[in-house]
Amino acid sequence: MTHKIKARLEWVKLYEVTKNAGFVCRRCGISRPTLRKWWRRFQRLGEVGLIEINRRPHHSPNRKVLAKEITWISELRKRWLGSRRIQSELLRNYAFRVSRATLCKILRQLNVEPLKKSRILRKRRHRYERPIPGERVQIDTCKIAPGLYQYTAVADCTRIRCLALFDRRTAANSLLFLEQIIEEMPFPIQCIQSDRGLEFFAYKFQEQLKKYAIKFRPIKPRSPHLNGKVERSQRTDLEEFYPTVDLQDSELKQKVRDWQDYYNEFRPHGSLSSKTPWEKWNQLVIKTPYHDEVEAAFDESKERLRLQNYKDDLYWQKLKLSL
């Protein structure tokens, strides 16, 4: 017998002896409706009536999450997505909006295995974020399948992205992607940062950057954390977008564009305090310089052709400084 049932039994026994409801309520610190409720149950069912009855309704006509929606959530969880990503995928794929609190409650009911966090110790690295939109844009390529490569550009400040699919990683495709970035980014680009992939070190590509008054800043070898925003962005694509599409689909490139628009305009971003990249951009419009201001601040004499080999690149940089 639990403590609560023992207390209720004492109330009804005391009332059975005294027949004074006011005295019992003052003595036990309860209200008259409470005493009346448990006395009637005791009279009708005995001690069994002192057990609390489940008040959950048999039918919930206004319930938002039904069996169909729970099936969607269960299937998305099998892709090892957290509540934030499941919330985004439900809205994108099924136009179904639900709070993260409700999602967490459903996941607990499903008794799913929690997401495992990596315990690998890493060096403490300072994470930075450029304060001005377009001040730096990170670009990279990612192999999706044989003969299918994704070019990705992420604005360091706002996380607005541009995506494109090509059959190879070449300088010609890099030039095409550069034109797309300049056309679709809503702000002037001051600097482009990339890894040391050959597709970004062609002279034509670097000369085109100078033509558009854009600085080129490749990162050091074996330091992907310096290009972390675009790396994490591509991982998001591999976890959220590509499992939902057919890579042989003739309309795959259009679906990538639709995914890009959804990511920029509707998908909440964890590092932006659950704002979308477009909402972040709208907050910083006043800080964004105009194209003519960026071109006026660009000094072509300080820019040089960068070499893909890091040691050779450092040598020519020191040689230029010594001159």
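Trp72 and Phe96 are both buried in this structure, which is a predicted model. Their rings form an edge-to-face aromatic pair. The whole structure holds 17 aromatic pairs.

**The pair Trp72 and Phe96**
- The ring centres are 6.1 Å apart, with 70 degrees between the planes.
- Trp72 belongs to helix H4 (residues 67-77), while Phe96 sits in the loop between H5 and H6, so the pair ties together parts 24 residues apart in sequence.

**The pair Phe241 and Trp259**
- These two rings are stacked, at 5.7 Å centre to centre and 15 degrees between the planes.
- Phe241 lies in helix H9 (residues 228-241) and Trp259 in helix H10 (residues 252-265).
- The pair links distant parts of the chain, 18 residues apart.
- Phe241 has a relative accessible area of 2% and is buried.
- Trp259 is buried too, with a relative accessible area of 2%.

**Other ring contacts**
- Ring pairs join Tyr151, Phe166, Phe177, Phe200, Phe201, Phe205 and Phe216 into a cluster.
- Arg161 places its charged end over the ring of Tyr263, 3.8 Å from the ring centre.

**Helices H5 and H6**
- Two packed helices are described by the angle and the distance between their axes.
- The axes of H5 (residues 83-94) and H6 (residues 100-110) come within 9 Å and cross at roughly 110 degrees.
- From H5, Ser83, Arg84, Ile86, Gln87 and Leu90 meet Arg100, Leu103, Cys104 and Leu107 of H6.
- The residues of this contact divide into five nonpolar, two polar and two charged.

Technical notes:
Residues are numbered from 1 along each chain as its sequence is written. This is a predicted model: local features need pLDDT of at least 70, side-chain atom pairs count only at pLDDT 80 or more; totals for chains, interfaces and linings use all residues. Side-chain values use heavy atoms; hydrogens and water are left out. Axes are lines fitted to C-alpha atoms, for helices over the stretch in contact, and angles run from 0 to 180 degrees between N-to-C directions. Helices (H or I, at least four residues) and strands (E, at least two) are DSSP runs, numbered from the N terminus. Contact means heavy atoms within 4.5 Å. Ala, Val, Leu, Ile, Met, Phe, Trp, Tyr, Cys and Pro count as nonpolar, Asp, Glu, Lys and Arg as charged, and the others, Gly among them, as polar. Rings of Phe, Tyr and Trp (its six-membered ring) pair if their centres lie within 6.5 Å; planes under 30 degrees apart count as stacked, over 60 as edge-to-face and the rest as tilted. Buried means under 20% relative accessible area, exposed over 50%, partly exposed in between (1.4 Å probe, protein chains only). A charge sits over a ring if NZ of Lys or CZ of Arg is within 6 Å of the ring centre and within 35 degrees of the ring normal.
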